[in-house]
Amino acid sequence: MHFAVLGPLEVIAADGCSVRVPERKVRALLAGLLAHNGRVVSVEQLIESLWGPEPPGKPVGALRAKVSQLRRALDDGEPGARKLVVTRPTGFSIDGDTDVRRFQEAAVHARSADDPGERAALLAEALEWWRGPAYADFGDLPGEPLVRRAADLLEEQRLAVLEDYAEARLALGQDASLVGELAGLAAQHPLRERFHGLLMRALYRSERQVEALKVYRALRERMRDELGLDPGPELAALHQAILEQRPGLRRPPVPPAPAPGRLPEPLTDLVGREEALGELVALPGTARLVTLTGTAGVGKSRLALEAARRLAGAFPDGAYWVDLLAVTSDVAEAIEAALGLRDDGGAGLPGERIASAFGTRRALLVLDNCEHVVEPVAGLAELLLRAGPGPRVITTSREPLGVAGEVVREVAPLDADAAARLFSVRAADAGRGPAVSAADAAAVEVICRRLDGIPLALELAAARVPSLGVKALAERLDDRFQLLSAGRRAGPAHQRTLRTAIDWSWQLLTEPERVVLRRLSVQIGGCTLSAAERVCAVPMPIPGGPPGDAAPAAVLDPGIDPADVAGLLARLVDRSLVVRSDGRYRLLESVAIYALERLREAGEHDLVLRWYATYYTQLSECAESYQAGPARHRWIRRLDAETANLHGALEAAMRLGDTRLATRLTGSLGWYRAQAGRAWPGPSEARPPHGGRPRQAGGSDHPPQGGLHGVDERIAFGTGVAGEA
C-alpha cells in the first residue's frame with residue numbers, strides 16, 4: 001500500500017486502486033501518523049492534534065475508536081493492511097511506503113551524482129512526486145500542528161531541490177529556458193537569495209547583463225527595507241563578477257547530456273528467439289547501426305528490447321529507448337524531447353544537438369517503429385555515426401534505412417517448433433491453465449503453418465483458444481481477420497489486431513506498390529519475376545489470350561508498366577511485404593488474404609484472375625513445344641515448380657466459366673502427365689476455389705522448393721516459342 005502526501009492525501013492499494021478513508025478526523029489521524037515518517041506519535045499528541053483544547057469526555061477511548069476506523073478502512077482497500085497501523089506502549093505509528101520517502105531518496109542520490117545530466121534527471125524525478133503543497137487538505141487542523149510542521153519542512157526541501165535542479169541545468173548550458181522559471185520562483189520567494197543568484201546567472205548567460213544587475217539591486221533594496229540587511233557575500237561576489245564580466249560566468253562549452261536511459265519493462269517472456277537474440281547481442285561490438293526488419297507482427301520491437309536489456313550493462317553512458325510510432329513530423333525534435341534534451345537557444349538543429357550530446361558517449365540508442373519516418377531517422381542515424389565512435393544505434397523498421405555502415409537483420413517468422421511453443425504458452429496464459437494437449441498437436445501445426453509463424457498472429461489466435469478450442473480455431477482460419485479481430489486493448493494501435501497490423505504497412509505504400517501487391521495475391525505458390533510482370537502489369541489485350549480480355553480503361557492502372565514491376569517488387573521486399581527466396585516471390589498467407597480483399601475492393605479480381613490463368617496456360621503451351629527435345633527435362637522441373645499455380649490457373653479458368661482456357665491448359669499438359677508421371681485433373685474434375693483463392697494440396701500456400709534456373713522465361717505469348725530451349 002502506498003501513501004501520497006505531497007499534495008492532497010491519497011491512499012493507493014497494491015492493485016493501483018484508490019482507497020477511501022472516510023471521516024475527516026480519521027483522515028487527520030492518518031496524516032498525523034504519516035507526518036512522523038514511521039516514528040511513534042504519543043497518545044497525548046494525537047488527541048491534541050485531533051480535538052485541540054476541547055477533547056471528548058473519554059479522549060483515549062475516542063482515539064482508539066478512530067484508530068480502529070482507520071485500520072478497517074485500510075483493510076477494506078487491501079486485505080492485511082490494518083497491520084500497517086502499529087500500537088506502541090506510548091502511542092501509535094504507521095509503517096508504509098510514501099511519496100515522501102521516494103522524493104527524499106531521489107534527492108539524496110542526485111546530490112551524490114557527479115554528472116550534471118544524471119543529477120538533473122534524478123532531481124526532476126524527485127520533483128515529479130509533488131502534486132501540490134504537502135498535506136494540502138490539512139491546513140486547518142486544531143491543536144498542535146503535527147502535520148503543518150511536517151508540511152513546512154517538506155516545502156523547504158522542495159525549494160532546495162528546485163534550486164539544485166536549476167543549478168544542474170545551468171551546468172548543462174540550459175540558461176535561456178530557465179530565465180522564465182527562475183523569475184517566477186524569485187517573485188514567489190522575494191527574500192530567497194539563491195533563486196535570485198541563479199536568475200542573475202541565467203540572465204547574464206542570455207546576454208541580458210543589465211537585467212541581471214537590476215535583479216541584484218531590487219533584492220538589496222528589499223532586504224534593507226524589510227530586514228535591515230544586505231545580501232550575503234556569495235550573492236555580492238556574483239554581482240561583482242557580472243560587473244567585471246568574468247569568463248567563469250559564461251555558458252559551459254560541454255554539450256547537454258541526455259537524461260539517464262530507461263528501457264521499458266517487457267510484459268511477456270521472449271519465446272523462440274534464442275539464436276537471433278545471441279547474434280543481435282554480439283553485433284554492436286562491431287556494427288554501429290543495426291536495423292531489424294520484418295513483416296508486421298513478427299516481433300522486431302520485442303527482440304530489440306530484449307537485446308537492449310542484455311546490452312545495457314556494456315554501455316556506461318546508458319541505453320535509451322524511443323518509440324516513434326506516434327511521431328509523424330519533426331522527428332529529431334521528438335527524439336530530442338524523449339531523451340530529455342532541450343533547445344536552449346544554442347546553435348544547430350535538433351539532430352545536430354542530439355549528435356553532439358551522444359558523440360562523446362558510449363551509449364546505446366534504440367529507435368522503435370521507424371518505417372513511417374525512414375528518411376528523417378536515416379539522416380539522424382548518419383549524424384550520430386559521424387559524431388563519434390562511441391554511440392551504437394538499433395532501429396526497428398519494416399524496411400532498411402539505407403545508411404552507409406548499416407547492418408540489416410531480417411527478423412524471420414518463428415520456425416515450427418518455436419511457433420508451437422509460443423502458441424501453447426500464450427494459450428495457457430489466456431486460459432489460466434493448460435489449454436493445449438497432445439491430441440491438439442496436428443491442429444496446432446496447422447495453425448502455426450497457416451499463420452506463417454508470425455508471433456502477433458499466434459498470440460491473437462491463442463487468446464481465442466479458451467472460447468473456441470484448438471481444433472475449431474484451426475478450422476476457421478480462412479476467416480482469420482474476423483476471427484482475430486478481438487485483439488489487445490493495450491499496446492500500439494497497429495498491433496491490436498491482425499488486420500490493423502497489415503493495414504499499417506498498406507498505408508505506407510505508394511499507389512503503384514499497392515497495385516502490384518494486390519495483383520500478386522492471385523499467385524498461389526509464389527512466382528518468378530516474369531510471371532509477376534505479366535500478371536501485375538499485363539498489356540491489354542494479351543497477345544494470344546482468350547477473347548474478352550480487354551477491360552474498360554477505368555479498371556486498368558495506366559501507371560504500371562511491366563518494366564516497372566521489378567523495381568516495385570524490390571520495394572515490397574524491402575518493406576517486408578513480399579518474401580523473395582530461390583529467385584521466387586511470394587506472400588505470407590495473411591498478407592495474401594489481405595491483398596486479395598484489396599484486389600476485390602479495386603474491382604480487379606476477375607480481370608487479374610484471367611491474366612493469371614492466361615499466363616500459366618501459355619507457359620504450359622510453351623513447355624509443350626519442347627516435349628520432344630533435350631530441353632524437356634528443364635521444362636519438367638519448371639512445371640514441377642509451378643504445380644500450385646498450374647492447379648490455381650485451372651481452378652481460376654473454371655471459376656470464370658472459361659472452359660476453352662481450361663481445355664487449353666489441361667491439353668497442353670498431357671505430355672507432362674505422360675512423361676513425368678504427374679497426376680493432373682481434367683477440366684471436368686477442377687472445382688472453383690472456395691473463397692476465391694486456390695490453395696495448393698495439403699492446405700499450404702508456401703511454394704515448393706527448387707525451380708528451373710537458367711531458363712529464359714521471356715515467352716513470346718501466343719507463339720509457343722521460348723527464348724531458350
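The model I am reading is a predicted one. I then located E23 in the loop that runs between β2 (10-12) and α1 (24-34). I noted its phi, near 70°, as a positive value in a residue other than glycine.

I turned next to N369. Its phi is near 60°, which I again recorded as a positive value in a residue other than glycine. I placed N369 in the loop between β9 (364-368) and α15 (374-387).

My last entry concerns the second largest pocket. I recorded about 530 Å³ of space in it. I counted 32 residues in its lining, and those closest to the centre are A412, P413, D452, R586 and L588.

Which elements each supply at least two residues of this lining? I listed β11 (406-410), α16 (416-431), α17 (441-450), α25 (565-574) and β12 (579-581). I marked α16 as the source of the largest share, with four residues.

I also sorted the lining of the second largest pocket by class and wrote down 16 nonpolar, six polar and 10 charged residues.

Technical notes:
Residues are numbered from 1 along each chain as its sequence is written. This is a predicted model: local features need pLDDT of at least 70, side-chain atom pairs count only at pLDDT 80 or more; totals for chains, interfaces and linings use all residues. Side-chain values use heavy atoms; hydrogens and water are left out. On a 1 Å grid over the protein atoms alone, a cavity is a set of points where a 1.4 Å probe fits but cannot get out, and a pocket is an open set with protein on both sides within 12 Å along at least five of seven lines; lining residues have an atom within 4 Å of a point. Grid points are joined across faces, edges and corners, and a volume is the space filled by probe spheres set on the points. Ala, Val, Leu, Ile, Met, Phe, Trp, Tyr, Cys and Pro count as nonpolar, Asp, Glu, Lys and Arg as charged, and the others, Gly among them, as polar.
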